[in-house]
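Thanks for coming, everyone. Please bring the sequence and the model up on your screens. I will keep this short.

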Amino acid sequence: MLTVTIFLPLLFAAIVLALPSRNAAAIRWTALIGACVTLAAALTLVAGFDDANAGLQWRMTTAWIPPINASYDVAVTGISLPLIVLAALMLALAMLYVLRDHDRAKGHACLFLLMATGLMGVFASQDLLLFYLFFEIALVPLYFVIGLWGHENRRYAAMKFFLYTRAGSLAMLLAFLGLYLAMAPHTFSLPAIAAAQPLAGHATAGGLVLLGLLIGFGVKLPTVPIHNWLPDAHVEAPTEGSVFLAALHLKLGAYGLIAVLLPTIAAAARQWWIALVVLGLVSLVYGAFAALGQRDFKRLVAYTSINHMGYVMLAAGIGAVASDPAVRALALTGAVFQMVSHGLLTGAMFFIAGTLQDQAGTRELTAFGGLGQRAPLFAALLAVAAFGSLGLPGLSGFIAEFQVIGATLSVNLWAALAVILGLIVATGLYLRVVLIVLMRPATSDALHEPAPRRLAVVGVLVALSALIGIAPGLLESVIAATTLTP
Amino acid sequence: MKLWAIIPELILVVLCLALVPLAGWLRGRWRQTTGAIALIGLAACMAMTARMLGWAPFTAFDGVYALDPFAAVFKLLIELAAFITVILLMTHFRGQTQATHAPVAVLFATLGAVALVSSNDLVAIVLFIQMMSMAGYVLVSLERTSRRANEAALKYFIYAAVALAVMAYGLSFLYGLTGSLDLRAIGAALHGADQLWVEVALALILAGYGFEVTMAPFHVWAPDVFAGASAPVAGFLSVAPKIAAMAALLRFLLVAFPDRMVGWPWWIAGGAVVSMTLGNLVALRQTRLKRLLAYSTIAQSGYVLAAVAVAGRTPEAVPAAAYYLAAYLFMNLGAFAVAAQLERAVGSDRFEALRGLGRRAPWTAALLTLFLLSLAGIPPLAGFMGKVLVLLRVIDGGMLWLAIIAAINMAIALYYYVHVIAQLYLHPPKHDFVLPQRVGWSAGYALCVAGTLGLGIFPWHFVALADLARHWLE
């Protein structure tokens, strides 16, 4: 079933490819149906998930390249299952969002479906070579999405995105090969490496592998100082591309940190935990301050992503060093919660930003004044998404950040204080957005309530964020299935 | 005499001898006859070579000619490259007199290349490497009316003459030091020889091998020759001689210089680093497709050389190199095939000519994208698995620094490959043209695509096949 879920988008991509490109409506509907079927398949995975089982579920293994002991090995854990569902959900919402968009619909739909297969494949892979394969399959379509459907400076942004990520993933590949060679017999199997801890006694090799993985996942996350591609890619990408980038592509890095780096090289991560924590804190504070200075709405949201993903890096550092399993579980659960929460809320923010840009013809934040009068419903959704992102209790961001801060506090007081600083700045910047959009008088009459379809897309995301904010147990129980085990 | 063991070579010899006189007689629509016969002959060669994959290693002609799975694997690749090239050449020169002559020249080059892989003797090495290059001069100058092609042929000839003469001089040192022409005897006797002279000999010999595999600093001929020759010829010359020379280099170093004598892995590693770095950096600034591919082949050679450098320590590096070369065969020939088709349609291979191809000829553009992404090492394509295997063996062989430099280079290389892809899709068209659709192009593409995808998605068969290359005569 898991394999079916992963490859359903690819199957629909093939179907879309066979449709005549003149019939854009049929292509859009096929893609949407494909996305919905994928989402349904992903939900059956949830239905069959056993919260009490800490191991791998829905596992499927077959030989792939026997001579080098690489296999097709997919499974879900409490960490990956929410992300797979998130990917399927985002695919469905993105396809719904662009339903009436007929600009080269065929290529567009195929690329998004292909990307979804790559993303879900990464989250499910239990074999490092397969992980790498899906990782890059997810990467290539986004280059074309940014380059073909993006805004003015799209070629530059697309190339920058591709080069950064590729350089990072090659560092990651070297680290994977290092892990492979350290195992006897050589294997790429993630559970086997996690169980054997082959580099536990080798400080140098462990440090090198850690460095490779940090570069690979850090670029994707992104963490300061290798975050530079993100604002450009986000700003230039089309709306649905930004959404995929923020909600899912950044999660590849976050997932890698939590589900690959920590389990495979626990010793090296414990030795260098301070580096992880510092990277996390710097990203967290820097992202907040940088966002504060932005006038371009999309660029602002892009920098808040750096802030939000800083929590994941921080949580990874705390999770690596915490000797108390409860603290470790708190940090990791918070990190995974943050991934989902950020996916929902920042996804919503980018949908909003894109819709506003379409209407006003600009991304300048000040141009969106008066939205509260002209489109009250849409403005309310924006406000809720912003409050969720700044961590207001009752919404998902609070649960996530609260847990990470709690875990940090029990390890290091000063680190927790730095987080609070980032949190205060983030609060200020979101309040500024809300004030401009809701309180200022209207500057242009271009703004209006978007189509019900687009309102629904944002509404679903905000509602889901509120749902797991009010009843976090729904998500926590799944995540904790994995993070509670040492 | 074990004639039955050299049937592929015999087929090639017979074809060469028979087709030369025949080619002079053919007129009009019979011009494609030589190509058709060559295809049948090459198919027969491949079938015979494939049968020999499982045979135990032995030698023929008093140890001069080694027949082992190692040789069979590389021969199979060379014959496959020749097969695809003949298809492309027949299509490229359709209706012109060259359509008759080109396949014969390819057969000569193939014969030289195939025999070089098996050569276990200094004289045989010199003979076959010359034979391979000699056919190359003819191939480059096929485009008789083009000044650039003739200039390229002359350059190729002069460089080859010098490099191969230097190599022969170096080989004579080995004979002088050991009194033998046989690689195995040399390998046994060389330990007692004066190491300084061994080093001088190796340096001279590497000039020749370096020339053939475009190892920097012996690569300078490649960009001019590949840009001047017609694209299918450039594709062939960047693939078949390279495969043959890589295999010959492996055999030479591992047999004649056992136990990593005089530190040859470091020499090769240095050559690999310079080749990949130089090739990539210069490729960044190119504005023509064929020249870009030429520099990319130099960089690609660097990756294979990295595997050669560790072959003395990890025997698994040999199959990794074979796998990489197989992937390289398909993706590089494919990229040159697209260049050939464009050249015919637009009369230029400048990047501007590529603009808008994604809209005008979506399939051709998609194919070029596929080949370039494979060259860049994006999964699930052949180049990806090749790079994984090479990096794996290089780390395994204790040269982590080399693997890191190679990985950095692969990241740099992505820029220029994607730059071409951006021309295809992200820029508005500049020229007005119609791409001619012919069966030959489709057949050539189909083989290259099948290889690029097959080796990438279902690598295990060929990984197992390449593994046979570890079995050879020692």
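Where is Pro380(B) found? Pro380(B) sits in the loop between α16 (362-376) and α17 (382-396) of chain B. Helices here are DSSP runs of H or I with at least four residues, strands are runs of E with at least two, and both are numbered from the N terminus.

A word on the source. This is a predicted model, where local features need pLDDT of at least 70, side-chain atom pairs count only at pLDDT 80 or more, and totals for chains, interfaces and linings use all residues. Residues are numbered from 1 along each chain as its sequence is written, while chains are lettered from A and ligands numbered from 1 in the order in which they are written.

Back to that proline. The peptide bond from Pro379(B) to Pro380(B) is cis, with omega near 5°. Now look at Pro217(B). Pro217(B) is placed in the loop between α8 (195-212) and α9 (221-228) of chain B.

Why point these out? Most peptide bonds are trans, and most residues other than glycine have a negative phi.

That brings us to phi in chain A. Arg104(A) is not a glycine, yet its phi is positive, about 45°. Find Arg104(A) in the loop between α3 (80-97) and α4 (105-124) of chain A. Arg104(A) has 15 C-beta neighbours inside 10 Å, so it counts as partly exposed. The cut-offs: buried means 20 or more other C-beta atoms within 10 Å of the residue's own, exposed means 12 or fewer, and partly exposed is in between, with C-beta atoms placed from the backbone.

Gln197(A) also has a positive phi of about 45° and is not a glycine. Its loop runs between α7 (190-196) and α8 (203-220) of chain A. With 16 C-beta neighbours inside 10 Å, Gln197(A) is therefore partly exposed.

One more positive phi. Asn69(A) takes one near 60°, in the hairpin of β1(A) and β2(A), which has four residues between the strands. Strand β1 (residues 57-65) and strand β2 (residues 70-76) of chain A pair in the antiparallel sense over six bridges. Pairing requires at least two DSSP bridges between two strands. Gln57(A) has Val76(A) as its bridge partner in β2(A).

Next, helix packing. In chain A, the axes of α13 (residues 297-321) and α14 (residues 325-360) come within 9 Å and cross at roughly 170°. Axes are lines fitted to C-alpha atoms, for helices over the stretch in contact, and angles run from 0 to 180 degrees between N-to-C directions. α13(A) and α14(A) are therefore roughly antiparallel to each other. The scale is: under 35 degrees roughly parallel, over 145 roughly antiparallel, 65 to 115 roughly perpendicular, the rest oblique.

The axes of α3 (residues 69-92) and α4 (residues 98-118) of chain B come within 10 Å, crossing at roughly 170°. So α3(B) and α4(B) are roughly antiparallel to each other.

Last stop: where the chains meet. How many residues of chain A are in contact with chain B? There are 27, and they touch 25 residues of chain B. Contact means C-beta atoms, placed from the backbone, within 7 Å. On the chain A side, α6(A) gives the most, with 14 residues.

That is the tour. Questions, please.

Methods
Contact = placed C-beta atoms within 7 Å.
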